[in-house]
Amino acid sequence: MLLQIEPESNPTPSGAVFFAAGFRPFFLLAGVWAVVAMALWLAVWFGQAGAWPVLPPVVWHGHEMVFGFGGAAVGGFLLTAVPNWTGAAISGRPVALLTLAWAAGRLAMASGALLPPPVIAVVDLCFLPLLAVVVGRPLIAAGKFRNMVFVVLIGVLTAANLLIHLELMGFAATATAGLHLGIWLLLLMIAVVGGRIVPSFTKGGLRMAGITVEPKSWPALEIAAPASLVVVAAADLAGGGAPLGIAALIAAGLHGVRLAAWYGHRTAGVPLLWILHAGYGWLVIGLALTGMAALTSVVPANTALHALTVGAIAAMILGVMSRAALGHSGRPLVPARATVAAYALVVLAALARAGLPLVAGFDLAVAVSGVLWIAAFGLFVMVYWPVCTGPRADGRPG
């Protein structure tokens, strides 16, 4: 299985327990930063934080959601999955170094006028290339060249981040392009990873619940669905309009067919499954809204964008982090009630952010969605703090 992320047998890791496996610092920090960055954004949006951050607030918000929160989640996933694919443990100093690089980037981006833009750029741009090196070396050594696609995607994500910093340094007006490219890259990763783990986990999870299903897949669709996101991203970066609208609606159809074949309607009683289907469902909804926004004036483009980010990206990240952390900490794959509540809250946050602007004030949508988001990831941090900082429940290393 290309993207199996169940518990692996690793040699005794070096360093503290917190750095014994990549999911520990990065899943926890993704949750913490989701809360902190959103709280800061709400304070800035509603005028409670003065001039902070000195960077353009919208740019800072988008950057920290994509490259801070999203970057931590991607790092935690790859640092956990690559040892399974290669048999080579990634623990101790490499994980600690990557954690420090990620944290330094967050501090630099929050520093505003305290640091010159070139210094902010250098510090913030360090994390993703280092991640590519750390996960790329064992992939090459093990001959897992198929999975090197993730190293390529990290490289492009670094380029997207650079586009933002080029504008902050005054070279070119490329920040919006960088943010959009970063979002489409995260969605492409979701399409690639989700296409493997969602049907696999659904089949196994429902079998444990006494329900036998056989999720379907078609080779042509498995290529066309992720490829359609590349086309949508290209149309978006090229200026949008009718090409974006048509491409997005076609992509929504392809991903909708893919999702419908995974038996999501049978997962209502298994929270670890339905949150993954809900997240992928938001990808379909967000693409459809993107198409409508590009072709009509009925749907605001900002609404479509947040259906993809608050909906697809956040829900999928929350679902994958909560499941993987349980499995890799030697715990049963049974979420706590608070975790299930977090799933519901993040879905409601997406509904509020995408739906309320259509029927109520924009500020109300931002406030309600932001509070629900903070509550969702606050519950995640509460539940998974001891999971990520304590030893495995089964006594094994990692």
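This is a predicted model: local features need pLDDT of at least 70, side-chain atom pairs count only at pLDDT 80 or more; totals for chains, interfaces and linings use all residues.
Local features were taken at pLDDT of at least 70 and side-chain atom pairs only at pLDDT 80 or more, whereas totals for chains, interfaces and linings use all residues. Residues are numbered from 1 along each chain as its sequence is written, and side-chain values use heavy atoms, with hydrogens and water left out.

The protein chain holds 13 helices and zero strands. Helices (H or I, at least four residues) and strands (E, at least two) are DSSP runs, numbered from the N terminus. The radius of gyration, taken over C-alpha atoms, is 20 Å. Along its principal axes, the C-alpha trace spans about 50 × 50 × 40 Å.

Buried residues make up 56% of the 398 residues. Buried means under 20% relative accessible area, exposed over 50%, and partly exposed in between (1.4 Å probe, protein chains only). Contacts are heavy atoms within 4.5 Å. Of the contacts with a separation of 6 or more, 78% join residues 24 or more positions apart.

The chain exposes about 15,400 Å², and carbon and sulfur atoms supply 73% of that area. Accessible areas come from the Shrake-Rupley method with a 1.4 Å probe; for residues, only the protein chains shown count as cover. The chain carries 18 positive and 10 negative charges, and their mean positions lie 12 Å apart. Lys and Arg count as positive and Asp and Glu as negative; His and the chain ends are not counted. Each charge is placed at NZ of Lys, CZ of Arg, CG of Asp or CD of Glu.

The cysteines were also examined. A disulfide was taken as a pair of cysteine sulfur atoms within 2.5 Å. By this rule, the count is zero. Cys-126 is partly exposed, at 34% relative accessible area. Cys-388 is buried, at 0%.

Thr-202 sits in helix H7 (residues 175-208). Thr-202 is buried, with a relative accessible area of 1%. Beyond residues up to four places away in sequence, Thr-202 touches Ile-197, Val-213, Trp-262, Tyr-263, Thr-267, Leu-273 and His-277. Phi of Tyr-263 is near 60 degrees, a positive value in a residue other than glycine. Tyr-263 is partly exposed, with a relative accessible area of 21%.

Conventions: The radius of gyration is taken over C-alpha atoms; the globule rule is 2.2 Å times the number of residues to the power 0.38.
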